[in-house]
Amino acid sequence: MYRIALCDDETEELNKAENILEKYREQHKALDFSVQRFTDAEEMLQKVRKKEYEPDLLFMDIYLPGRLGIDVAKELRSMGNGCRIVFVTTSKDFALEAFRVDADQYLVKPVMEEELFSVLDRIFDKAGRKQKKYLSLQAGNRIHKVPMQEIVFCEAQKKSQCIYLADGSQLQVRMTMAKIYDMLAGSPEFVKAGMSYIVNLEHVDSLNTSELQLDNGGKIYLPRGSYHPLRESYFGYYCGDGQ
């Protein structure tokens, strides 16, 4: 059974989240999950420390009595808990910090039912039935079937494009950046960074005005003028503004 934890000091917010989860359960009969509520983050952490409870998915407010949800998430990670984390809060102020603790999503209250359903679809991967998406790309004399989620970023290099993959390999393809971007249409995780890069936001660890840090240890030095639109895309994707 998939264990979902709700952590918020406001009972009304817990009730709302639990009601949405119950509606989601009604529409996804194949899913088997339990829901446990916590108004105190320390109570949840104590149960995890004692191995009495191990959440698979945690919906948590940022602003909790006595500490920030970011710090709770850091403690969970330090204990080796790899649960999926979705922050549900009143401000975007901690969005960048949230993804440094490997959060899946950052939603700003009030959260609508369709927003939460979209997040659950993504996390449950539509009850395990959604097929992986692939691109068929020709590199040299070979055609490669590339899982889209494995693409970290694409870089324009003169008349060809270099596609960097999560396993550290690269593919050199002779097609335009516009053509690759068109092939990725419909996948909101892929965004442009200036004229030379297409980035998979799922692989972004952090960004600032000059560079973007990727989860494979790589960096992209941002072209002039690309930071602000990229930042908006990053927040829009992870904060649910455009999904």
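How many bridges join strand β13 to β14? Four of them do, with β13 (residues 190–193) running antiparallel to β14.

## About the model

This is a predicted model, in which local features need pLDDT of at least 70, side-chain atom pairs count only at pLDDT 80 or more, and totals for chains, interfaces and linings use all residues. Residues are numbered from 1 along each chain as its sequence is written, and side-chain values use heavy atoms, leaving out hydrogens and water.

## Strand β14 and its partners

Strands here are DSSP runs of E with at least two residues, and helices are runs of H or I with at least four, numbered from the N terminus. Two strands pair if DSSP finds at least two bridges between them. Across from valine 191 sits its bridge partner in β14, valine 199. Three residues separate β13 and β14 in a hairpin, and glycine 194 in the turn has a positive phi of about 70°.

Strand β10 (residues 151–157) also pairs with β14, antiparallel and over three bridges; here cysteine 154 stands opposite isoleucine 198. Both faces of β14 (residues 197–200) are covered: Tyr197 and Val199 are buried on one side, Ile198 and Asn200 on the other. Buried means under 20% relative accessible area, exposed over 50%, and partly exposed in between (1.4 Å probe, protein chains only).

## Helix α1

Now to the helix. Its buried residues are Leu14, Ala17, Ile20, Leu21 and Tyr24. They lie on the same side of α1 because they cover an arc of only 130° around the axis, taken from the directions from the helix axis to the C-beta atoms. The face turned away from this buried side of α1 carries the exposed Glu12 and Glu26.
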